[in-house]
Amino acid sequence: MKDTKRLVLILALALAAAALNGKAGFAQGCVAAHSNQRTMGELVKTGEAGFVSGFSIHNLTVDVGYRVFNSSKYFQGSREIVRYPAVENHENIYDVALEYQVSPRWSLIADVPVYSGSRDQTYSPSGIYRVTGVGDVTIGAQSWIFRPPTESHGNIAVSASLKIPTGGDNATGTGLTKGVAVQATADPSLQPGDGGWGFVLGSQGYKSLWHRAAFYGQGQYVFNPEDTNGVASFRTQAGQGVDSVTDQYLYRVGFVQGVPKVRGLAMSFGVRGEGVPVRDLLGDSNGFRRPGFILSIDPGLMYSYRQTVLSVNGPWAMYRDRPPSVPEIASKTTNGDAFFSDYTVIVSLSHRF
């Protein structure tokens with residue numbers, strides 16, 4: 001029984017280990033994918049009800065995540081091109097996720113991301129742009145398909161959330177155009193929000209394999225039915241004068257294994273795919289966007305102690321692609337470019353009260 005509880009905790013950590021996740025969580029770089037990845041809080045069954053400041057918050061799990069990356073690798077399509085000087089994004093993404101368990105199967109979930117980033121932009125309006133702010137908040141519910149605990153030592157959860165446009169989508173900075181200083185909109189990759197209402201569908205699951213080992217999987221898709229947000233992009237190419245409100249997606253699969261003779265410690269290894277599609281699944285896909293995809297190997301290290309789990313992951317890019325957007329396809333021009341990072345550092349701390 002103790003081994004089972006430890007394995008469940010380790011699985012929760014494995015599923016939590018993400019660049020989660022956040023808004024820079026999906027495609028790393030100037031592809032503006034900002035989705036997050038949640039810890040499977042329902043699996044954390046290590047304690048009884050807790051008290052904070054004198055009142056009970058039984059069944060509440062709080063997950064605080066942090067991600068950081070720098071992007072400076074230049075791509076057109078899947079081809080990397082050496083370019084100096086390079087545009088460079090530096091992003092710090094903080095994320096507070098809440099989960100309140102109302103029954104063995106059902107939970108209420110919420111997520112509040114906070115972004116702080118800078119962009120050294122070499123093209124007009126050139127300059128260093130800095131943006132900090134709260135992102136788009138999501139509120140929803142999650143349910144396990146089978147009532148836990150299951151006899152098969154595996155389960156699948158599905159979730160649905162409303163994405164509220166609480167994040168700013170038109171932060172500006174000072175740039176230079178033909179030697180003249182102008183107030184220009186910061187790149188979409190720096191904007192905390194996208195300006196559109198949307199919804200998020202997700203799923204995550206696990207299956208025990210052998211002693212202290214398991215398979216895990218997680219997927220999430222952010223639907224943004226709105227076409228454009230009306231924010232000027234300062235782009236002169238046909239059809240790209242305003243920013244697009246884009247869909248985003250993330251998936252992760254892999255294995256987790258407990259470290260022999262070390263209580264509460266486990267290692268995970270898997271693959272992670274994330275990005276922004278060329279066309280949204282619902283609604284039009286006009287305006288300026290950088291569609292892009294990145295596939296990474298996803299090693300991680302996890303440690304659990306009582307009701308607290310700590311995970312550290314370092315997704316490392318193996319394949320990156322920047323396909324042409326809808327306006328670029330329509331105008332038959334050379335598809336645009338994007339800068340990607342080589343790796344992301346993701347740290348997550350989860351506690352069940």
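## Surface and overall composition

The chain exposes about 15100 Å², and carbon and sulfur atoms supply 63% of that area. These values belong to a predicted model. Of the 353 residues in the chain, 54% are buried. The secondary structure comprises 23 strands and two helices.

## A three-stranded open sheet

Strands β5, β4 and β22 form an open sheet in the order β5-β4-β22, with antiparallel pairing. The edges are taken by β5 (79–81) and β22 (338–340); each has a single partner strand, so one side of each is left without a neighbour in the sheet. From one strand to the next, the twist averages 45°. Strands of a sheet pair through backbone hydrogen bonds, in either a parallel or an antiparallel manner.

Strand β4 covers residues 73–76 and is joined to β22 by three bridges, the two strands running antiparallel. Within this pairing, Lys73 stands opposite Phe340 of β22.

Arg83 lies in the loop between β5 and β6 (88–101). Its relative accessible area is 27%, which falls between the 20% limit for buried and the 50% limit for exposed residues, and Arg83 is therefore classed as partly exposed.

Setting aside residues up to four places away in sequence, Arg83 touches Tyr74, Thr122, Asp337 and Phe339. With Tyr74 there is also a polar contact between the two side chains, at 3.5 Å. Arg83 and Lys73 are 10 residues apart along the chain, and their C-alpha atoms are separated by 8.2 Å.

## Nonpolar core and the contacts of Tyr129

The largest nonpolar core has five residues, namely Tyr129, Val131, Ala184, Ala186 and Leu190. Tyr129 has contacts with Ala184, Ala186 and Leu190 among others. Further residues touched by Tyr129 include Gly117, Ser118, Arg119 and Gln121, as well as Gly173, Thr174, Gly175 and Thr185. This list of contacts does not count residues up to four places away in sequence.

Gln142 is located in strand β9, which spans residues 137–144. Its relative accessibility is 2%, so Gln142 counts as buried. The side chain of Gln142 makes a polar contact of 2.9 Å with the side chain of Gln204.

## Cis peptide bonds and positive phi values

Most peptide bonds are trans, and most residues other than glycine have a negative phi.

The peptide bond from Ser124 to Pro125 is cis, with omega near -10°. Pro125 belongs to the loop between β7 (106–121) and β8 (127–134). A cis bond also links Pro148 to Pro149, with omega near -5°; Pro149 is placed in the loop between β9 and β10 (154–164).

Arg212 is not a glycine, yet has a positive phi of about 55°. Arg212 occupies the loop between β13 (198–208) and β14 (213–223). A positive phi near 65° is found at Lys261, likewise a residue other than glycine, in the loop between β17 (248–258) and β18 (265–276). As for solvent accessibility, Arg212 counts as buried at 9% relative accessibility, whereas Lys261 counts as exposed at 88%.

Methods
Residues are numbered from 1 along each chain as its sequence is written. This is a predicted model: local features need pLDDT of at least 70, side-chain atom pairs count only at pLDDT 80 or more; totals for chains, interfaces and linings use all residues. Side-chain values use heavy atoms; hydrogens and water are left out. Helices (H or I, at least four residues) and strands (E, at least two) are DSSP runs, numbered from the N terminus. Buried means under 20% relative accessible area, exposed over 50%, partly exposed in between (1.4 Å probe, protein chains only). A polar contact is a pair of N or O atoms within 3.5 Å; within protein, one must be able to donate a hydrogen and the other to accept it, and residues adjacent in sequence count only if both atoms are side-chain atoms. Two strands pair if DSSP finds at least two bridges between them. Axes are lines fitted to C-alpha atoms, for helices over the stretch in contact, and angles run from 0 to 180 degrees between N-to-C directions. A nonpolar core is a set of buried Ala, Val, Leu, Ile, Met, Phe, Trp, Tyr and Cys residues joined through side-chain atoms within 4.5 Å. Contact means heavy atoms within 4.5 Å. Accessible areas come from the Shrake-Rupley method with a 1.4 Å probe; for residues, only the protein chains shown count as cover.
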